[in-house]
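Q: Could you take me on a close look at one part of this model, going through its contacts and then its aromatic rings?

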Amino acid sequence: MSTLEGKSAVVAAGAKNLGGLISTTLGERGVNVAVHYNSAATEADADKTVAQIQEAGAKAIKVQGDLTVPASIEALFDAAVNAFGGVDIAINTVGKVLRKPIVETTEAEYDSMFDINSKAAYFFLREAGKRLNDGGSVTTIVTSLLAAFTDGYSTYAGAKSPVEHFTRAAAKEFAERGINVNNVGPGPMDTPFFYGQETPERVAFHKSQAMGNRLTDITDIAPLVVFLAGDGHWITGQTIFANGGYTTR
């Protein structure tokens, strides 16, 4: 029997790619999942993920919302509580990548990057702190670029960077209720999220920096996220770089 069986989770951006795999992995372990998706473009993915979780024997719902709006985060947790009776696990995989020189970056791009990567993460943590059952778990997906010295990713790494401070504060503030709070920083992942920002030459370079001369795969990350929610619960306040040696501190 899974140590997580019978618990309930919210997975932000949980319809496809890494979020989708985390959602279905939790479902396979008997966790009920509220699968969040952002827009109509990903609704079909959400439906597929919900169906996979239900086929595994757990409950699942889909919830649409723009998580840069705190009221949407509140509605997401409301939906999970209403469907499952409570929430034990909150996982935020929301993110947006932009590779662009500082001198070419517009104010609108800056605002969008910080809204998606930083503001949404903060208010997701806030709502998790209000709504999770005692003994719960929160994980945010960040990036291994937080340990990199590189060009181009000022707004992406910059907007993810505050999440480390949010997480440390939340870990201290939620500790009395037995809630662990962590970040996982994947290396460049083999998903559409990554390729739109890079040239073939840079993709080859990124591969060369990690074990096995490959990018991070979503199957490298999902088990770690699930571990932190269960057997790894004693870990808290940390940013774990899961990247095959791509970067370190």
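A: Happy to! A polar contact here is a pair of N or O atoms within 3.5 Å, where one must be able to donate a hydrogen and the other to accept it. Keep in mind that this is a predicted model. With that cut-off in hand, look at threonine 93: its side chain reaches the backbone oxygen of alanine 12 at 2.8 Å. Threonine 93 sits in the loop between strand S4 (87–92) and helix H4 (107–131). Its relative accessibility is 15%, so threonine 93 counts as buried. Beyond its neighbours within four places in sequence, threonine 93 touches Val11, Ala12, Ala13, Gly19, Ile22 and Ile141.

Now for the rings. Searching the whole structure gives 5 aromatic pairs. In one of them, phenylalanine 77 and phenylalanine 124 have ring centres 5.4 Å apart and planes at 55°, so this pair is tilted. Phenylalanine 77 belongs to helix H3 (residues 70–84) and phenylalanine 124 to helix H4, so the pair links distant parts of the chain, 47 residues apart. Both phenylalanine 77 and phenylalanine 124 are buried.

Tyrosine 122 and phenylalanine 166 make an edge-to-face pair, with 4.8 Å from centre to centre and 80° between the planes. This pair also links distant parts of the chain: tyrosine 122 is in helix H4 and phenylalanine 166 in helix H5 (residues 154–174), 44 residues apart. Tyrosine 122 is partly exposed, at a relative accessible area of 41%, and phenylalanine 166 counts as partly exposed at 21% relative accessibility. Finally, ring pairs join Tyr122, Phe123 and Phe166 into a cluster.

Definitions and conventions:
Residues numbered from 1 in each chain as written. Predicted model: local features only at pLDDT ≥ 70, side-chain atom pairs only at ≥ 80, totals over all residues. Heavy atoms only, no water. Helix = DSSP H or I, 4+ residues; strand = E, 2+ residues; numbered from the N terminus. Buried < 20%, exposed > 50% of the residue type's maximum accessible area, 1.4 Å probe, protein only. Contact = heavy atoms within 4.5 Å. Phe/Tyr/Trp six-rings, centres within 6.5 Å; stacked < 30°, edge-to-face > 60°.
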